[in-house]
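Dear colleague,

I am passing on to you the complex that we spoke about, with the sequence and the coordinates placed just below. My notes on what was found follow them, and I would be glad if you read the two side by side.

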Amino acid sequence: MSQPGRARTIVQFEGVRRHYGNQVHALDGVNLEVALSERVAIMGPSGSGKSTLLHLACGLDEPTSGSVKVDGVNLFDLDDDSRTRLRREKIGMIFQTFNLLATLDAIENVSLPLRLKGLGWRESAKRAEAMIERVGLRDRARHKPDELSGGERQRVAIARALIFEPPLLLADEPTGNLDTATGQEILTLLDEMNRDLGITILLVTHNEAATAHCDRALTLRDGRIVGEHIG
Amino acid sequence: MMRTLIFVSFRDWRNHKIRAAITVIGVAIGVSAYFALRTVNQSLLRSLETTVDRLAGKATLQITAGESGFPEDVIETVRATDGVTDSVAQILEFCQTELDDKANLLVLGIDPEAEQKLRAYDVDGVPDAEGRKDAPLFFLKLPNTVVISSAFADKEGLKAGDHIPIVMPTGKTDLRILYVLKDERVDSLFGGRVGIMDIHTAQQAFGRGRNIDRIDLITKRGIEIESVRQRLKQRLPAGLDVERPQQRSQQVENATTIVRQGFLVTSLMALIISSFLIFNAMSIAVNQRWKETGVLRALGVERRNVRRMFLYDASLIGLIGSGLGVLAGYYIAVAFARLTGGLLPILSAAMPSSTLPIIAQPAPPTFNPGFAVESLALGVITALISAWLPARAASRLTPILALHNIETRQMEATLGWPRLALGAFLVIAGLVLVRFTSAAIGTVLQLGYLVLILFGLIIMLPRVSCWIASAIRPLAGRAFGSEGVFAIDSILVAPRRASATVGALMVGLAFVFSIWGFIQSEKEVLASSYERTVNGDLQVFGAALMTQDFVEPIKAVSGIASVDRTLFTTTRYQDRMVALIASDMDVWLRHSRNILTLGDYEKVREGVPAGEGVLISDIFAARSGLGVGDVLTLETPLAKLERPVLGIVDSKAMAWLEGIVYLDRKLYLQYWRDDRVSWLSIDLDSGADFTAVKDEIERTVSRGQPVFVQTSDEVRHRGREIISRNIDQFFAFFYVQMFIATFVSLIGLINTLVISVWDRKRELGIVRAVGGTRGQIAKIVMLEAAAIGIIGLVTGVVKGVIDTYAMSRTAAAIFGGYSIPFYFSGKLLALSVPIVLIVALGASWWPARIAARANVVSAIGSE
């Protein structure tokens with residue numbers, strides 16, 4: 001599903017297969033290109049291969065065959081460490097289950113990627129504070145995850161994913177654990193981030209409403225892209 | 001990046017304070033045992049050095065022989081040797097006083113005139129009417145006088161002018177106290193129980209003839225001490241040692257090597273057990289931080305940095321635990337020194353009697369920064385080794401799985417067949433090496449075999465734990481219903497979590513079983529060997545060595561058929577001290593046919609009493625490599641003694657000695673000029689009345705020193721008791737170690753259960769949510785503890801049997817130069833079943849409480 005004539009390609013899947021043994025074909029020959037600043041939703045029933053596609057896009061999983069390029073670099077030409085570093089530099093991730101570190105407060109969670117990149121304490125905290133404020137959680141900055149609501153946790157997760165302004169944000173069911181209103185708030189927040197920071201968003205979701213916030217929506221079934229809807 | 005990861009780790013430990021505390025305590029226990037033993041060792045060695053130093057004074061060289069001493073005319077040769085300015089002879093004897101507490105006294109026989117040139121004594125209240133205050137010991141030339149240490153005077157309430165009744169080989173004597181010596185150096189010897197006599201008076205009183213024990217000398221300034229030493233070596237008989245005082249302390253140090261090696265082994269054992277605890281805690285930390293690690297990986301932390309993060313954790317915990325361990329170890333050493341009043345009981349089994357009493361007062365332990373650094377390093381290294389596998393596991397986890405909820409976690413993998421085969425191979429290889437190599441191969445290699453076996457068993461442990469858990473699962477189900485099955489399943493699902501505790505239990509219990517078996521077997525072997533060495537109908541012992549004049553009248557008592565006079569002393573063989581038994585061999589051999597393990601009895605009967613050959617003990621044979629027909633060469637105070645070995649004697653009763661040489665009394669007299677006797681073995685005429693003969697012997701010697709006359713059966717019985725007590729004393733620290741092993745295992749068990757409860761918070765919450773009562777939850781946790789205890793017991797018994805076998809072949813060989821029969825105590829096993837179960841259930845009480853009281857909603861919500 002290439003999109004000729006568009007802006008710089010940030011994610012490119014070419015003939016990607018991901019098989020688990022002989023029986024399970026999570027992805028079965030996926031071709032996909034996502035342009036910089038584009039918002040793409042991946043939809044499909046459970047077991048269609050959505051999460052596998054996302055895991056391959058960030059290099060956490062390896063394809064059985066085919067190639068996955070992020071910003072022109074084939075992830076699987078790289079060794080694990082280099083792939084990890086690329087993830088650190090270019091990919092932000094948010095999850096349905098938030099995956100915040102329970103022992104750190106909101107500011108510390110958000111500043112973590114910057115500190116892992118070697119930025120100093122103060123600068124990291126300053127930028128994290130700004131990002132926390134941007135996602136509307138200024139009053140909750142020193143709270144730990146178990147003291148936050150689901151929506152607040154997801155906001156923290158978004159802030160953490162975007163603190164280092166990666167060109168690509170991968171979101172795995174970001175509204176899956178949230179009520180409708182909170183889910184809507186999160187999607188609006190992602191829109192703002194896309195608009196303000198020019199971040200590419202690849203969003204896996206069951207939520208039909210989410211497609212309204214995307215430029216394109218792809219439908220996956222049995223490991224193949226079977227439909228595309230331009231928003 | 002590492003700073004950030006350390007920060008994340010720090011937060012984790014702060015949130016899991018109990019896990020952190022238990023891990024730190026685990027390290028601290030191991031390190032404290034190590035540091036305490038090192039400190040005790042140092043205290044002992046420092047005491048030896050100080051003692052030798054104090055006895056040496058200004059002496060630059062010392063001349064000594066074995067316990068028998070050497071002729072005093074040697075001093076003329078010494079004085080005539082170029083480079084020697086002053087020399088002074090000394091004898092050293094021990095005797096019993098007839099004071100109320102029958103206190104023993106160390107008597108230094110000195111030459112009052114010459115002594116002051118080497119050693120100045122601080123005195124108080126010396127009669128100076130004759131203007132001899134510069135030579136306070138001068139008055140000792142007065143007959144039957146003694147100067148005593150102030151410590152002894154204070155303890156016994158004695159003062160100048162009082163008399164001390166003393167039992168000497170020549171009989172009881174009252175010594176007049178000339179004055180009390182106020183000298184700290186003297187007070188520190190032999191617990192302060194020291195008397196100083198004129199050397200000639202002492203020689204006479206102790207039946208030493210013209211023999212002395214030591215010559216201290218000062219060499220001329222400007223002349224190399226070594227050259228004087230060489231000159232003296234050339235001029236003096238080869239049986240005399242000419243050494244610098246420091247070398248002598250080295251000799252004494254060598255004599256304590258076995259004890260110190262034992263200390264080292266036990267302290268390392270504590271570290272090994274601790275390492276299970278650390279492994280356990282680190283594995284659990286990895287399990288608990290599974291998701292966190294996945295998040296970090298997703299955020300761009302490389303595998304190696306994940307591994308480093310866990311290793312940093314471990315080293316920090318190791319450092320804190322070691323720091324606490326060092327502090328605790330120091331206070332343990334201090335307490336140990338205070339409680340036991342020194343190391344005398346332990347050392348008594350391992351040191352030549354001539355050295356032992358002098359060091360009865362070890363220096364108080366001091367804090368050694370070098371040991372502290374060493375212990376810290378060892379603690380950190382142990383923590384790092386223990387954390388290596390968990391850290392590696394953390395770095396290899398699949399982030400995708402970690403980022404999912406708990407239900408998607410995979411069952412922990414047990415070890416594959418290749419590793420199981422490797423474990424089995426190591427165990428079998430270790431056993432084969434234990435079985436087929438000789439003791440002569442050396443301590444390090446022998447201990448290496450045990451390490452091989454230990455590693456083999458550790459590698460197999462997760463798999464073996466699963467096997468045992470699977471085997472008891474149906475029984476648990478039948479006996480305790482679904483709670484039983486649930487408890488066992490938690491072990492099957494996480495075998496590594498359980499196997500670390502099982503490992504600690506296994507090592508702890510195996511240590512208890514094998515040490516106990518070893519000690520019991522050792523006692524039996526030594527006691528039965530001792531019993532075979534007791535000959536004749538009666539045994540006569542003196543309070544001190546008996547002189548020939550003293551013995552002669554006893555021989556004439558009616559009813560006595562024959563008397564075997566035996567002197568037990570020490571001599572030097574090459575670079576080691578060995579025991580020497582000089583006996584009336586014709587009588588001795590009549591009774592001793594069954595203790596000859598090698599050699600032609602008839603040739604022995606013919607040659608040894610005639611002084612044409614000697615016998616050696618099996619231990620001596622093993623250590624020296626000498627066999628029947630080889631020539632034994634001993635350097636005696638008079639000349640070189642060379643005799644063929646005619647037979648080998650079973651002498652395990654004296655296994656702690658380096659070995660024994662047996663020779664005829666006449667041959668000994670000829671080469672050592674020493675006719676004293678340690679004990680008499682008497683054959684009675686047939687029909688002679690024991691009581692009548694005993695009374696007659698006691699009447700005959702009534703004016704001399706008191707003697708103890710006992711039947712041989714009484715002596716054998718008493719000997720068995722003494723051997724048992726000595727072995728218990730020798731292994732006193734092992735008993736402490738057994739306690740430590742059990743204690744550490746208990747902490748491990750609590751640790752595992754607490755963590756297991758936290759780890760399964762969600763699962764247990766689900767059980768509560770679907771109708772499980774608090775009681776059922778508590779039961780599950782307690783049954784899991786009991787199951788871990790049973791698995792630990794089974795593996796502990798298996799390892800205990802293996803270790804006991806290995807110890808019966810190696811440890812006995814290390815300590816004594818021989819092997820002992822395998823002994824495994826069924827009674828101890830039967831006793832350990834309820835103890836282990838009680839300990840396990842006790843350890844589970846708190847975790848069970850936590851589990852039962854957990855909030856169901858938050859438990860189900862936890863990830």
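This is a predicted model: local features need pLDDT of at least 70, side-chain atom pairs count only at pLDDT 80 or more; totals for chains, interfaces and linings use all residues.

**Confidence and what was found**

Residues are numbered from 1 along each chain as its sequence is written, and chains are lettered from A and ligands numbered from 1 in the order in which they are written.

For the complex, the predictor gives an ipTM of 0.78 and a pTM of 0.63. Within chain B, the confidence is highest in strand 19 (residues 660-664), at a mean of 91, and lowest in helix 13 (residues 344-348), at 46; helices (H or I, at least four residues) and strands (E, at least two) are DSSP runs, numbered from the N terminus. Residues 341-360 of chain B have a pLDDT under 50, and the model gives them 51 contacts beyond four places in sequence, where two residues are in contact if their C-beta atoms, placed from the backbone, lie within 7 Å. The pLDDT is also below 50 over residues 406-412 of chain B, a stretch with 11 contacts in the model beyond near neighbours in sequence.

**The two chains**

Chain A has 6 helices and 10 strands, and 50% of its 231 residues count as buried; a residue is buried if 20 or more other C-beta atoms lie within 10 Å of its own, exposed if 12 or fewer, and partly exposed in between, with C-beta atoms placed from the backbone. Of the contacts in chain A between residues at least 6 apart in sequence, 70% join residues at least 24 apart. Chain B has 31 helices and 21 strands, and of its 863 residues 55% count as buried. In chain B, 84% of the contacts with a separation of 6 or more are between residues 24 or more positions apart.

**Where the chains meet**

The contact takes 21 residues from chain A and 19 residues from chain B. On the side of chain A that touches chain B, the elements that give two or more residues are helix 2 (80-90), strand 6 (91-95) and helix 3 (106-116) of chain A, and the largest share, 6 residues, comes from helix 2 of chain A. The residues of this side divide into 8 nonpolar, 6 polar and 7 charged, where Ala, Val, Leu, Ile, Met, Phe, Trp, Tyr, Cys and Pro count as nonpolar, Asp, Glu, Lys and Arg as charged, and the others, Gly among them, as polar.

Helix 2 of chain A has Arg83(A), Thr84(A) and Arg87(A) as its buried residues. Seen down the helix axis, these buried residues fall within an arc of 100°, so they line one face of helix 2 of chain A; the arc is that of the directions from the helix axis to the C-beta atoms. Strand 6 of chain A is included in what covers them.

**The sheet in chain A**

Chain A holds an open sheet of 4 strands in the order 2-1-4-5, with antiparallel pairing; two strands pair if DSSP finds at least two bridges between them. Strand 2 (24-35) and strand 5 (73-74) of chain A stand at the edges with a single partner strand each, so one side of each is left without a neighbour in the sheet. Strand 1 (residues 9-20) and strand 2 of chain A pair in the antiparallel sense over 9 bridges. Arg18(A) has Leu27(A) in strand 2 of chain A as its bridge partner, and His19(A) stands opposite His25(A) in that strand. The hairpin of these two strands has 3 residues between them, and Gly21(A) takes a positive phi near 70° there. Strand 1 of chain A is also joined by 5 bridges to strand 4 (residues 65-70) of chain A, and the two run antiparallel.

**Helix 1 of chain B**

In helix 1 of chain B, Thr4(B), Leu5(B), Val8(B), Ser9(B) and Asp12(B) are buried. Seen down the axis, the buried residues of helix 1 of chain B fall within an arc of 140°, so they line one face of the helix. The face turned away from this buried side carries the exposed residues Arg3(B) and Arg14(B).

With best regards

Conventions: pLDDT is the predictor's confidence in each residue, from 0 to 100.
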